[in-house]
Structure formats: structure tokens, C-alpha cells
Amino acid sequence: MEKIKSDIWKWEDSYSVGVKVIDEDHKILLGLLNEVLEINNSETAEEQGAIKSVIYELMSYTEYHFDREELLMEVCGYPGLNNHKRAHGLLKAQVEELIDGYKKNAKSFNSLLLYNFMESWLSEHIATMDKDYESWMQNKNDIIDKANKSFEDGRH
Ligand SMILES: [Fe+2]
């Protein structure tokens, strides 16, 4: 399989969207991106098998993260909410498509495709759409913390 030519991604302060819990989610997603990179670069069958857990983790964490992000945008009265939700809908559909492809033929699953998708999502979506709510979410920590707490309580 074609190898990804990239170094491991490191979190940079410039990626921050100014909301701690969302930054933490983005760091987890970046970690998954690095896992795909490592899997792609490994030759062993065992490590190739690890792609399955990354894919399923990506699916569940993406849902979880988008739900959180949408809730926090909503409680802060962010005016771009609907637009942003639409973008999340498209990304979710793409994740589902990748998973379908994996389910149909796990052996020939292309981790490069998965990597490219995740890389452009994390670099473009975060840098543009997520960054857009940064100023709107400022000085709303009380609202954000309260909503996030009930979000997490409802999930666990
Ligand atoms: Fe987003």
C-alpha cells in the first residue's frame, strides 16, 4: 500500500479554538490521525489489524465531539450554528462511507484515503469553521462549563 509521507502531527497553540474542552477533543482526533499514519507506515499484519479499532473509535468520537460542539455553539447563541451543523452532517456522511468501505472489504481498505480525509478535515474545518466561533465563545465560560457538564453527565 502507498505510504503516507508525513511526520507525526503535534498540537500547536494556533490550532486552539479558545474553548478548552473542544481543544481536548481536537487533540484526541489528532491522536487518531497519528495512529492512522503509524498503521499505514507499518508492514506487519498485526498492525494493519489495528486500523479497525481506529476506524470505530473515529466513528464514535466524531459523533460525540460534534454533538458537544453543536451544543456549546447553541448555548452560546452562535449565529453560524445551522451552517456548521450542515458541515458536520457532510463530514459524518463521509466517515460513514469510509466505514462502509471498510466493512465491505477490510483487506483492501486504503488507510491513505482515511488519512487524507482526516487530515483535510482537521486542518481545514478546524482552521476555518471552528475558528469562526472562537470570538463568539469568549467570556462565556460559565455557560460553556455548565452545558458541557450536563452533556458529559448525560453520556456517562
Ligand atoms: Fe466543527
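**View 1. The loop that holds Asn139.** Asn139 sits in the loop between helix H6 (134-137) and helix H7 (141-155), where helices are DSSP runs of H or I with at least four residues, numbered from the N terminus. The model shown is predicted, so that local features need pLDDT of at least 70 and side-chain atom pairs count only at pLDDT 80 or more, while totals for chains, interfaces and linings use all residues. Residues are numbered from 1 along each chain as its sequence is written. The phi angle of Asn139 is near 60 degrees, a positive value in a residue other than glycine.

**View 2. Helix H1 beside helix H3.** The axes of H1 (residues 20-41) and H3 (residues 51-75) come within 10 Å and cross at roughly 160 degrees, axes being lines fitted to C-alpha atoms over the stretch in contact and angles running from 0 to 180 degrees between N-to-C directions. H1 is therefore roughly antiparallel to H3, a term used for angles over 145 degrees. The residues that make this contact include Ile28, Leu32 and Glu35 of H1 and Leu58, Tyr61 and Arg68 of H3, two residues being in contact if their C-beta atoms, placed from the backbone, lie within 7 Å. The contact of H1 with H3 divides into twelve nonpolar residues, one polar and five charged, where Ala, Val, Leu, Ile, Met, Phe, Trp, Tyr, Cys and Pro count as nonpolar, Asp, Glu, Lys and Arg as charged, and the others, Gly among them, as polar. Among the buried residues of H1 are Ile22, His26, Val36 and Asn40.

**View 3. Helix H4 beside helix H5.** The axes of H4 (residues 81-104) and H5 come within 11 Å and cross at roughly 170 degrees, which makes H4 roughly antiparallel to H5. On the H4 side the contact is made by His84, Ala87, Leu91, Gln94 and Leu98, and on the H5 side by Leu114, Phe117, Trp121, His125 and Met129. The residues of this contact divide into seven nonpolar, three polar and no charged.

**View 4. Leu114 and its surroundings.** Leu114 lies in helix H5 (residues 111-132) and is buried, with 25 other C-beta atoms within 10 Å. Leaving aside residues up to four places away in sequence, Leu114 touches Val36 and Leu98.

Key: Helix = DSSP H or I, 4+ residues; strand = E, 2+ residues; numbered from the N terminus. Parallel < 35°, antiparallel > 145°, perpendicular 65-115°, else oblique. Buried ≥ 20, exposed ≤ 12 C-beta atoms within 10 Å, placed from the backbone.
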